[in-house]
Amino acid sequence: MTMKQGSKRTALLALVAVFILPVVLAKLVLDLNWYQGGITNRGKLLESPLTPSWLTAQGDNQGLGEGKWQLVYLLPEHCDQACQGALFNLRQVPKAVGAQTSRLASLVLVAESAQASLSSEIQSHLEGLSLLSIPPHVVMQINTFEYGAKAIYIADPLGNVLMAYPLASEKNAILAQGKDVLRDLKRLLKVSKIG
């Protein structure tokens, strides 16, 4: 092989690499989920929005969050650090929204069976939050949600549950989650014509 043929082969291989290497790298980046594209929301969009009837028809509790964007959370039987963090965020996020606070409500769902036995410690975490007593079949329905009872959910003013924020249990993660919820809510309130 002459020197001329070797340089031609090297040039051809370099040319092929210039066109194939970006395609291979792009495929690798997409397959390994290294690229998040145009995702701007911090919460998890639900595969299909849920429209539970109990969220819009709140019976004796009419007006709790009717016609508003809502942060919804099911209070578990035992309120651990993740639960207390969720309640903290449900109290703080509406305050941090600022001028749009009248368009937002935080709703804590409490199983009918647990309502009477709430400890004074948990009741102190519930101060300033709207409570809705729910029957066992609603608790079962929430547990069928994509993230079950282990998330804070955002519902639009029409009662569609759209986003979830899986619970965090460490202090820094709880604060970061509150910032994420706030960021997404501010964006939703800005572009929304309802609520």
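Guide: Start with a term: buried means under 20% relative accessible area, exposed means over 50%, and partly exposed lies in between, with a 1.4 Å probe and protein chains only. Asn160 has 18% relative accessibility, so Asn160 counts as buried. This is a predicted model, where local features need pLDDT of at least 70, side-chain atom pairs count only at pLDDT 80 or more, and totals for chains, interfaces and linings use all residues. Residues are numbered from 1 along each chain as its sequence is written, and side-chain values use heavy atoms, without hydrogens and water.

Now place the residue. Asn160 sits in the loop between strand S5 (151–155) and strand S6 (161–166). Strands (E, at least two residues) and helices (H or I, at least four) are DSSP runs, numbered from the N terminus.

Next, its surroundings. Leaving out residues up to four places away in sequence, Asn160 touches Leu50, Thr51, Ile154 and Ala155. Contact here means heavy atoms within 4.5 Å. With Thr51, the side chain of Asn160 makes a polar contact, side chain to side chain, at 2.5 Å. A polar contact is a pair of N or O atoms within 3.5 Å; within protein, one must be able to donate a hydrogen and the other to accept it, and residues adjacent in sequence count only if both atoms are side-chain atoms.

S5 and S6 also meet a helix. The buried residues of H7 pack against both strands, and against strand S2 (69–74), helix H3 (81–96) and strand S3 (104–111). Among those buried residues are Ile174, Val181 and Leu185.
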